[in-house]
Amino acid sequence: MNVLYTAEALSTGAGRDGRVATSDGSFALDLAVPKEMGGSGAGTNPEQLFAAGYAACFHSALQAVARSQKVKLDGSSVGGRVEIGPNGEGGYQLSVLLEVVLPGIEAEQAQALADAAHTVCPYSNATRGNIDVTITVSED
């Protein structure tokens, strides 16, 4: 692979809480296990970070696909939801739901753009075949 960019982060801490920060200092966050999983919930968690990263990456891919097809997107958004649950083997598994909103774009074209973005998005390519990813196109 011809590397175009490298992102670096470091996670530290002990027990169920910790901290994560990027090497360039652009952000640093306290981490905590969600209340729903027995933690304090007093910080962000990796699932929230994954949801944010996937939504942002997919939105960027969607915009790139639209530009290549000469489709103007105004007010577009991608919402990301990451779910975590037991995998039945003593561990955990993830699933992802992405909601794409493309105001002013007909439903069929919006779905085609979302499908095309799913083929080029690095997060989609990394997760394909590993976890369930559902992409829904909605009007709001």
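From the N terminus on, the elements of the protein chain follow the order β-β-β-α-β-β-α-α-β, which amounts to three helices and six strands, where helices (H or I, at least four residues) and strands (E, at least two) are DSSP runs numbered from the N terminus. This is a predicted model, in which local features need pLDDT of at least 70 and side-chain atom pairs count only at pLDDT 80 or more, while totals for chains, interfaces and linings use all residues. Residues are numbered from 1 along each chain as its sequence is written, and side-chain values use heavy atoms, with hydrogens and water left out.

## The chain as a whole

Along its principal axes, the C-alpha trace of the protein chain spans about 50 × 35 × 30 Å. The accessible surface comes to about 9,100 Å², of which 51% belongs to carbon and sulfur atoms; such areas come from the Shrake-Rupley method with a 1.4 Å probe, and for residues only the protein chains shown count as cover. Of the 140 residues in the protein chain, 31% are buried, where buried means under 20% relative accessible area, exposed over 50%, and partly exposed in between (1.4 Å probe, protein chains only). Among contacts (heavy atoms within 4.5 Å) between residues at least 6 apart in sequence, 45% join residues at least 24 apart.

Three strands form an open sheet in the order 1-2-3, with antiparallel pairing; two strands pair if DSSP finds at least two bridges between them. The edge strands, each pairing on one side only, are strand 1 (9-12) and strand 3 (28-32). Neighbouring strands of this sheet are turned by 20° against each other on average, direction ignored, with axes taken as lines fitted to C-alpha atoms, for helices over the stretch in contact, and angles running from 0 to 180 degrees between N-to-C directions. Strand 1 is joined to strand 2 (residues 17-22) by four bridges, and Thr12 stands opposite Arg19 in strand 2.

In soluble globular proteins, nonpolar side chains tend to be buried together. Here the largest nonpolar core has 24 residues, and those with the most contacts inside it are Phe58, Leu62, Leu73, Val100, Leu102 and Leu113. Two or more residues of this core come from each of helix 1 (46-68), strand 4 (77-86), strand 5 (92-101) and helix 2 (107-120), and the largest share, nine residues, is given by helix 1. A nonpolar core is a set of buried Ala, Val, Leu, Ile, Met, Phe, Trp, Tyr and Cys residues joined through side-chain atoms within 4.5 Å.

Leaving aside neighbours within four places in sequence, Val100 is in contact with Phe58, Leu62, Ser77, Val78, Ala114, Ile135, Thr136, Val137 and Ser138.

| Residue | Relative accessibility | Class |
|---|---|---|
| Glu47 | 18% | buried |
| Val120 | 45% | partly exposed |
| Lys70 | 77% | exposed |

Glu47 lies in helix 1 and, not counting residues up to four places away in sequence, touches Val82, Ile84 and Leu94. Val120, found in helix 2, is in contact with Ala61, Val65 and Asn125 once its neighbours within four places in sequence are left aside. The C-alpha atoms of Val120 and Ala61 are separated by 6.5 Å, although these residues are 59 residues apart along the chain. Lys70 is found in the loop between helix 1 and strand 4, and this residue has a positive phi of about 60° although it is not a glycine.
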